[in-house]
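I will go strand by strand and then turn to a pair of helices.

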Amino acid sequence: MKSLAAFVTVCAWLGAAIAADVPPVSLPSVYIEDLTWPEVKGAIAAGKTTAIIYAGSTEQNGAHMALGKHNFIAHYAAGEIAKKLGNALVYPTMPFAPTGSNELRSGHMRFPGSVSISDELFLGVIRHVTQSALAAGFKNVFIMGDHGGGQDDLRLAAEQLDQDEDKPDPAARVYYIPDLYYKEKQQMKAYLAEHGIPYDAHAGTDDTSEIMFLDAKQWIRRDKLALSTEKDEPTTGVNGDPTKATPELGKMFIGFKVDDAVNQIHQLLAAQKK
């Protein structure tokens, strides 16, 4: 009789789980692009109610590093953030950002392969992706970016949508996470100064180290590594010293980003409960 009762209990539980679209105990990925819609629906129902929207950029990074640098970092770091939070899923990386003028060929647009979109378009896309996350049923949406251009747009999108009274769930919240970008830059520059490595502005020790950690063989041209100062930057596209880059530094710098984001998210959620 006990065995029969146990069997009935298990069958009842399975029936309820199927009816509620409860996902497997372990999803195959934290990236929604890897999941089916029933898996996303089930994950939200099971408590994964946080969405991460992380913007990258497609831009020149000197002769030694692939143009997808920010996108590679964003994809990896977003996944690590989601894993540390434990209740989050990651939206596809936004691969484009404001990087200079297409007409005037300024900023990164001086170099072939770079892509630039207007602040207006960047803001609009981020808004629509965030609205999609809210429509899916996520309760907390966190917006962040790996590229300096567009940070104000990310902040504005979060502020506007957080205050929008027409959200599918009025109680849902939208936040901008600036620490991932700005705090990591402070930590990185402090480390470089302490170890006598030249100031890092673009495609130098910081960026190159992070890509070396992720996949140096595919995205780094080691025979092209060379110091480039601000004076040289108009020709090289680099302002920094990529010759000082190491995978170990990259692991540390990306770790700064992940920890800074997770800590700020926890702080925001704690303040929300007060």
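I started with the pairing of β3 and found that four bridges join β3 to strand β4 (residues 173-176), the two running parallel; strands here are DSSP runs (E, at least two residues), helices are DSSP runs too (H or I, at least four residues), and both are numbered from the N terminus. Two strands count as paired if DSSP finds at least two bridges between them. In this pair, Ile143 stands opposite Tyr176 in β4. Between β3 and β4 the chain passes through helix α5 (residues 151-162), and this β-α-β crossover is right-handed, a term that applies if, with the strands pointing away from the viewer, the path from the first strand over the helix to the second runs clockwise.

I noted where my numbers come from: this is a predicted model, in which local features need pLDDT of at least 70 and side-chain atom pairs count only at pLDDT 80 or more, while totals for chains, interfaces and linings use all residues. Residues are numbered from 1 along each chain as its sequence is written, and side-chain values use heavy atoms, with hydrogens and water left out.

Next I looked at the other neighbour of β3: six bridges join strand β1 (residues 50-55) to β3, again in parallel, and Ala51 stands opposite Val141. I then wrote down the whole open sheet, which has four strands in the order β2-β1-β3-β4 with parallel pairing. Its edge strands are β2 (88-90) and β4, each of which pairs on one side only.

How many residues of β3 (residues 140-145) are buried? I found that six of its six residues are, where buried means under 20% relative accessible area, exposed over 50%, and partly exposed in between (1.4 Å probe, protein chains only). Asn140, Phe142 and Met144 lie on one side, and Val141, Ile143 and Gly145 on the other. I reminded myself that in a regular strand the side chains alternate between the two faces of the sheet.

I picked out Asn140, which has a relative accessible area of 11%. Leaving aside neighbours within four places in sequence, Asn140 is in contact (heavy atoms within 4.5 Å) with residues including Thr49, Arg173 and Gln272.

Finally I looked up two helices, α3 (residues 69-85) and α7 (residues 205-219), which pack at an angle of about 95 degrees with their axes 10 Å apart. The two are therefore roughly perpendicular, a label for angles of 65 to 115 degrees, whereas under 35 counts as roughly parallel, over 145 as roughly antiparallel and the rest as oblique. These axes are lines fitted to C-alpha atoms, for helices over the stretch in contact, and angles run from 0 to 180 degrees between N-to-C directions.
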